[in-house]
Amino acid sequence: MIRLFVADDLSPGARIPLGPDPARYLLAVMRRGVGDTLLVFNGRHGEWRARIAEAGKRGAVLEAEAQARPQTLGPDLDLLIALVKRTRLELIVEKAAELGARRVRLVITRRTNADHANIARLQAIAAEAAEQTGRLDVPDVVAPERLERLLAGWSPDRALVFCDEAGEAEPLLHLLVRGAGGGGGEAPEGAAKFRRTAAILNGPEGGFDPAERDGLRAAPFTRPVSLGPRILRADTAAISALALWQAAAGDWAACPATAPVPN
Ligand code: SAM
């Protein structure tokens, strides 16, 4: 069933005008017409079945009929990603939407080779990925901010892991399993916060510079983590970290740390 993200409020009989692009996709590409139904969601009112009420050259109008799924949100997980080359950044935003990141915050570090990004395009990629993946919201893509400024204004109740390819760092999975009370070591409450409202920070192609790494390690709300012995490209690292987090602490049927490992 086709799913479309719309900005409009959704209620029985609500009329939802579609602009030229979504209308062309629906009518010309997907060859739907008046009377056909699809699913719409707006990130606030759940998912609704809607019918094409009007169709024309310049647009279309949908009419919401009934709620198909109540509004739910995935885990409160932010991905902070240092600006990388456009195609890789677009891939990261698309995969972050599929992997359930709530927000994608773009970061300018000392080794990023850009200080701006096409937010409208990235937000459209996030919306298209959300439509495909079945989630009921679209991650916000937040405009680039300098790392120092971002840390200075950081809310300490959001634990931040930063993927540190260069330093001694605990494996991300180990930190998350300990936070669930497994694996021994530091008292779990020190690690538990990384399983709740959390954020994952990835560096750029050139990595973090030593002063940045020191600043990150000195912050009380951060923890360096390792993604294994090999240096991963920024997109691979971001996707791996999100997948690990969802599997260990998120909505991938989180495996409790004490669950027996299936043989
Ligand atoms: N400085 C790296 C080098 O020596 O080539 C390049 C950085 S890597 C391409 C981009 C980012 O991915 C890093 O800053 C880090 O955040 C993350 N990353 C890559 N491999 C990692 C690993 N094994 N453990 C933790 N983070 C990793």
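Colleague: Let's start with rings. How many aromatic pairs does the structure hold?

Modeller: Three aromatic pairs. Keep in mind that the model is predicted.

Colleague: Take Trp-154 and Phe-221. What is the geometry of that pair?

Modeller: Stacked. The centres are 6.0 Å apart, with 25 degrees between the planes. The cut-off for stacked is under 30 degrees, so this pair qualifies.

Colleague: Where do Trp-154 and Phe-221 sit in the chain?

Modeller: In two loops, 67 residues apart. Trp-154 is in the loop between helix H4 (147-152) and strand E9 (159-163). Phe-221 is in the loop between helix H7 (210-218) and strand E12 (222-226). The pair links distant parts of the chain.

Colleague: Buried or exposed, Trp-154 and Phe-221?

Modeller: Trp-154 is buried, and Phe-221 is buried too.

Colleague: OK, next pair. How are Phe-162 and Phe-208 arranged?

Modeller: Edge-to-face. The planes are 85 degrees apart, and the centres 5.9 Å.

Colleague: Why does Phe-208 count as buried?

Modeller: Because its relative accessibility is 2%, and buried means under 20%. Phe-162 is buried as well, at 0% relative accessible area.

Colleague: What sits over the ring of Phe-41?

Modeller: The charged end of Arg-3, 4.2 Å from the ring centre.

Colleague: Switching topic. Which helix holds Asp-235?

Modeller: Helix H8, residues 234-248.

Colleague: And is Asp-235 buried or exposed?

Modeller: Buried, with a relative accessible area of 6%.

Colleague: What is Asp-235 in contact with, leaving aside neighbours within four places in sequence?

Modeller: Arg-88, Leu-91 and Ile-92.

Colleague: Staying with H8. How do the axes of H5 and H8 cross?

Modeller: At roughly 20 degrees, and the axes come within 10 Å. H5 covers residues 172-179. Angles under 35 degrees count as roughly parallel, so H5 and H8 are roughly parallel to each other.

Colleague: Left-handed or right-handed, the way H5 passes H8?

Modeller: Right-handed.

Colleague: Which residues make the contact?

Modeller: On H5, Leu-172, Leu-173 and Leu-176. On H8, Ala-241, Leu-244, Trp-245 and Ala-248.

Conventions:
Residues numbered from 1 in each chain as written. Predicted model: local features only at pLDDT ≥ 70, side-chain atom pairs only at ≥ 80, totals over all residues. Heavy atoms only, no water. Phe/Tyr/Trp six-rings, centres within 6.5 Å; stacked < 30°, edge-to-face > 60°. Helix = DSSP H or I, 4+ residues; strand = E, 2+ residues; numbered from the N terminus. Buried < 20%, exposed > 50% of the residue type's maximum accessible area, 1.4 Å probe, protein only. Lys NZ or Arg CZ within 6 Å of the ring centre and 35° of its normal. Contact = heavy atoms within 4.5 Å. Axes fitted to C-alpha atoms, helices over the stretch in contact; angles between N-to-C directions. Parallel < 35°, antiparallel > 145°, perpendicular 65-115°, else oblique. Left-handed = near helix turned anticlockwise from the far one by under 90°.
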